[in-house]
Amino acid sequence: TPPTYTGEELKLEKRMRDLFEASKEINGKKKTQARNQIETAMDWDDISLNGVGPARWKKLSADNKSEFSKLLRQVIIKTAYGRLDKFWDGATYQFDKIEIKKNIGHVVARFNVKDQSFTLDYYLRKNGNNWSVFDIAFDENKYSENIHEQIDAFLREHTFAKLIDKLKKRLADLG
């Protein structure tokens with residue numbers, strides 16, 4: 001049996017359930033509302049900063065930060081939206097763990113999809129009364145680290161302007 005949560009953990013469990021339910025509607029009849037709910041639940045500033053890395057981020061102009069953040073967000077969203085319909089087809093979930101330390105939440109969700117079981121770890125930060133997702137991990141591989149490694153490798157050989165061009169091309173390829 002899954003654990004029972006109280007207090008702030010219960011609020012975080014409800015937040016995650018609401019986001020999972022919204023993600024099921026991402027391409028359905030309520031897609032505008034669902035997409036807005038998902039997109040506003042993400043900490044895009046943190047995702048962008050960690051993608052480039054704090055040292056490089058400090059050196060970027062405000063315009064470069066803004067353009068990178070916008071493009072990265074659009075690429076992530078388009079990629080995720082294209083996969084969610086298939087993901088939820090027959091999938092179930094339960095929460096194995098919800099833990100809060102100060103303003104950081106860690107949620108472990110176990111998914112069962114077509115006789116396969118796996119977990120995703122969600123990392124959230126509390127801002128005021130809201131919990132925002134700033135990272136997700138599969139098999140202990142954090143999405144932020146994966147993005148950062150790819151961007152870091154690219155920027156060792158290319159300029160930031162070329163990274164922006166690559167993101168624009170990726171976005172165009174996604175349709």
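**Close-up 1. Strands E4 and E5 in the predicted model run antiparallel and are joined by 2 bridges.** Strand E5 covers residues 141–142, and its residue Asn 141 stands opposite Phe 138. The two strands belong to a hairpin with 2 residues between them, where Asp 139 takes a positive phi near 50 degrees.

**Close-up 2. Strands E3 and E4 pair in the antiparallel sense over 8 bridges.** Strand E3 spans residues 116–127, while strand E4 spans residues 130–138. Phe 138, which stands opposite Asn 141 in E5, is also the bridge partner in E4 of Leu 120. E3 and E4 form a hairpin with 2 residues between them, and in this turn Gly 128 has a positive phi of about 65 degrees.

**Close-up 3. The largest pocket holds about 1500 Å³ of space.** Its lining is made up of 46 residues, and those that lie nearest the centre of the pocket are Ile 76, Thr 79, Ala 80, Arg 83 and Tyr 143. Two or more lining residues come from each of the helices H1 (7–24), H3 (44–52), H5 (62–88), H6 (143–157) and H7 (160–174), and likewise from each of the strands E3, E4 and E5.

**Close-up 4. Helix H5 gives the largest share of the lining of the largest pocket, namely 12 residues.** Sorted by class, the lining of this pocket has 33 nonpolar residues, together with 8 polar and 5 charged ones.

Technical notes:
Residues are numbered from 1 along each chain as its sequence is written. This is a predicted model: local features need pLDDT of at least 70, side-chain atom pairs count only at pLDDT 80 or more; totals for chains, interfaces and linings use all residues. Side-chain values use heavy atoms; hydrogens and water are left out. Two strands pair if DSSP finds at least two bridges between them. Helices (H or I, at least four residues) and strands (E, at least two) are DSSP runs, numbered from the N terminus. On a 1 Å grid over the protein atoms alone, a cavity is a set of points where a 1.4 Å probe fits but cannot get out, and a pocket is an open set with protein on both sides within 12 Å along at least five of seven lines; lining residues have an atom within 4 Å of a point. Grid points are joined across faces, edges and corners, and a volume is the space filled by probe spheres set on the points. Ala, Val, Leu, Ile, Met, Phe, Trp, Tyr, Cys and Pro count as nonpolar, Asp, Glu, Lys and Arg as charged, and the others, Gly among them, as polar.
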